Amino acid sequence: VRLVESGGGLVQAGGSLRLSCAASGSFFSINAMGWYRQAPGKQRELVANIISGGDSTNYADSVKGRFTISRDNAKNTMYLQMNSLKPEDTAVYYCNADIRDRVGGLIYRRWGQGTQVTVSS
């Protein structure tokens with residue numbers, strides 16, 4: 001199973017970006033999915049996560065009210081709409097997914113390769 005992020009880039013403060021994370025390969029289901037970010041010299045931190053049904057989400061305090069996480073289960077894709085971006089949002093953004101490989105099988109976590117988001121002041 002592979003996760004591929006896209007949508008990163010350079011944007012001015014106050015601007016918007018939409019990140020996507022697409023899962024491909026053979027699996028039975030995807031449970032929770034999430035976005036993390038890591039800025040230079042800092043630890044990776046949770047940005048937001050969403051359960052399989054999409055009706056339960058969690059956000060870091062620093063992004064509440066500005067970022068929105070969503071998923072399209074039919075496309076095995078998760079999104080992160082980022083509005084009112086700030087320079088402190090600059091980081092590499094990674095997605096992850098908790099994947100069940102088969103009916104009754106184990107759940108394991110996969111990570112994407114990351115996409116750079118840079119917000120200029």
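I began with Asn76, which I found in the loop between E7 and E8, where elements are DSSP runs numbered from the N terminus, strands (E) having at least two residues and helices (H or I) at least four. This is a predicted model, in which local features need pLDDT of at least 70 and side-chain atom pairs count only at pLDDT 80 or more, while totals for chains, interfaces and linings use all residues. Residues are numbered from 1 along each chain as its sequence is written, and side-chain values use heavy atoms, with hydrogens and water left out.

I looked up the backbone of Asn76 and noted a phi near 50 degrees, a positive value in a residue other than glycine. Most residues other than glycine have a negative phi.

The hairpin has 4 residues between its strands, and I noted Gln81 in E8 as the bridge partner of Thr68.

I followed Phe67 into the largest nonpolar core, which has 29 residues and in which Phe67, Trp35, Val47, Met78, Leu80, Met82 and Tyr93 have the most contacts. Such a core is a set of buried Ala, Val, Leu, Ile, Met, Phe, Trp, Tyr and Cys residues joined through side-chain atoms within 4.5 Å. The largest share of this core, 5 residues, comes from E9. Leaving aside residues up to four places away in sequence, I listed the contacts of Val47 (heavy atoms within 4.5 Å), which include Trp35, Phe67, Leu80 and Tyr93.

Last, I checked the cysteines and counted 1 disulfide, by the rule of a pair of cysteine sulfur atoms within 2.5 Å. It joins Cys21 to Cys95, S to S 2.1 Å, and links strand E3 to strand E9 across 74 residues. The torsion about the S-S bond of Cys21 and Cys95 is about 60 degrees, so I recorded the disulfide as right-handed. Cys21 is buried at 0%, and Cys95 is buried at 0%.

Conventions:
Two strands pair if DSSP finds at least two bridges between them. Buried means under 20% relative accessible area, exposed over 50%, partly exposed in between (1.4 Å probe, protein chains only).
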